[in-house]
Amino acid sequence: MRFMRPRQTIGVVLIFSIVYLSLTPHPVELPGEQGDKYGHVLAYATLMLWYALIYPRQRERIGLAVAFVCMGIGLEFLQRLTHYRTFDVTDMAADALGVGVGWLAALLCWPRVYRRPRS
């Protein structure tokens with residue numbers, strides 16, 4: 001795959017952004033009653049979609065999905081250790097849902113993203 005290094009770099013930036021936003025004392029407030037849950041789903045869907053488009057093999061995607069769900073769980077436990085963030089099991093569920101949405105989105109857009117031009 002062409003431009004693998006820049007794609008991986010963007011992926012790492014996405015991971016660090018999620019870690020930062022999960023642990024900052026000043027989280028981004030999204031409007032609505034469950035705005036933060038939508039943020040979790042969107043963040044993890046974006047992350048999974050990005051990596052699923054870089055690593056197309058099923059085995060790689062399974063590993064990534066497990067790693068991202070574990071990351072979401074781990075970040076919730078780290079939030080519990082802070083005095084300014086809260087531990088929330090529903091955030092873990094939103095993260096896992098986002099991983100699933102990202103995987104599904106990758107399956108739906110894969111043929112369009114990597115379609116070879118006809119000669």
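Visitor: Over which ring does the charged end of Arg-80 sit?
Guide: The model is predicted, and side-chain atom pairs count only at pLDDT 80 or more. A charge is taken to sit over a ring if CZ of Arg is within 6 Å of the ring centre and within 35 degrees of the ring normal. For Arg-80 the distance to the ring centre is 4.0 Å, and the ring is that of Phe-87.

Visitor: What order of elements does the protein show from the N terminus on?
Guide: The secondary structure comes to 4 helices and 0 strands. Helix H1 covers residues 4-23, and helix H4 covers residues 89-113. Read from the N terminus, the order is α-α-α-α.

Visitor: What share of the contacts with a separation of 6 or more joins residues 24 or more positions apart?
Guide: The C-alpha trace spans about 60 × 30 × 25 Å along its principal axes. Contact here means heavy atoms within 4.5 Å. Among contacts with a separation of 6 or more, the share from residues 24 or more positions apart is 78%.

Visitor: How many aromatic pairs are there?
Guide: Rings pair if their centres lie within 6.5 Å. By this rule the number of aromatic pairs is 3.

Visitor: Why is the pair of Tyr-51 and Tyr-55 classed as it is?
Guide: The ring centres of Tyr-51 and Tyr-55 are 6.3 Å apart, and their planes meet at 5°. Planes under 30 degrees apart count as stacked. The angle of 5° therefore makes the pair of Tyr-51 and Tyr-55 stacked.

Visitor: What class does the pair of Tyr-51 and Phe-68 fall into?
Guide: The centres of these two rings, Tyr-51 and Phe-68, lie 5.4 Å apart with planes at 55°. Stacked needs under 30 degrees and edge-to-face needs over 60. At 55°, the pair of Tyr-51 and Phe-68 is therefore tilted.

Visitor: Which helices does that pair link, and how many residues apart are Tyr-51 and Phe-68?
Guide: The pair links distant parts of the chain. Tyr-51 belongs to helix H2 (residues 35-54) and Phe-68 to helix H3 (residues 58-81), with a separation of 17 residues.

Visitor: Is Tyr-51 buried or exposed?
Guide: Tyr-51 forms one aromatic cluster with Tyr-55 and Phe-68. Phe-68 has a relative accessible area of 4% and is buried. Buried means under 20% relative accessible area. Tyr-51 has 8% relative accessibility, so Tyr-51 is buried.

Visitor: Which residues does Asp-95 contact, leaving aside neighbours within four places in sequence?
Guide: Asp-95 is found in helix H4. Its relative accessible area is 2%, so Asp-95 is buried. With neighbours within four places left aside, the contacts of Asp-95 are His-40, Tyr-44 and Gly-72.

Visitor: How far is the C-alpha atom of Asp-95 from that of Leu-49?
Guide: Asp-95 and Leu-49 are 46 residues apart along the chain. Their C-alpha atoms are separated by 13 Å.

Visitor: Which residues does Ser-22 touch, not counting those up to four places away in sequence?
Guide: Ser-22 lies in helix H1. A relative accessible area of 8% makes Ser-22 buried. Beyond four places in sequence, Ser-22 touches Leu-75, Gln-79 and Arg-85.

Visitor: What distance separates the C-alpha atoms of Ile-54 and Leu-78?
Guide: Ile-54 lies in helix H2 and is buried, with a relative accessible area of 4%. Along the chain, Ile-54 and Leu-78 are 24 residues apart. Their C-alpha atoms are separated by 29 Å.

Visitor: How far apart in space are Arg-7 and Tyr-51, C-alpha to C-alpha?
Guide: Arg-7 is in helix H1 and counts as partly exposed at 24% relative accessibility. In sequence, Arg-7 and Tyr-51 are 44 residues apart. In space, C-alpha to C-alpha, the distance between Arg-7 and Tyr-51 is 8.6 Å.

Visitor: How far apart are the mean positions of the positive and negative charges?
Guide: The protein has 13 positive and 8 negative charges. Their mean positions are separated by 22 Å.

Methods. Residues numbered from 1 in each chain as written. Predicted model: local features only at pLDDT ≥ 70, side-chain atom pairs only at ≥ 80, totals over all residues. Heavy atoms only, no water. Helix = DSSP H or I, 4+ residues; strand = E, 2+ residues; numbered from the N terminus. Lys, Arg positive; Asp, Glu negative; His and termini not counted. Charge placed at Lys NZ, Arg CZ, Asp CG, Glu CD. Phe/Tyr/Trp six-rings, centres within 6.5 Å; stacked < 30°, edge-to-face > 60°. Buried < 20%, exposed > 50% of the residue type's maximum accessible area, 1.4 Å probe, protein only.
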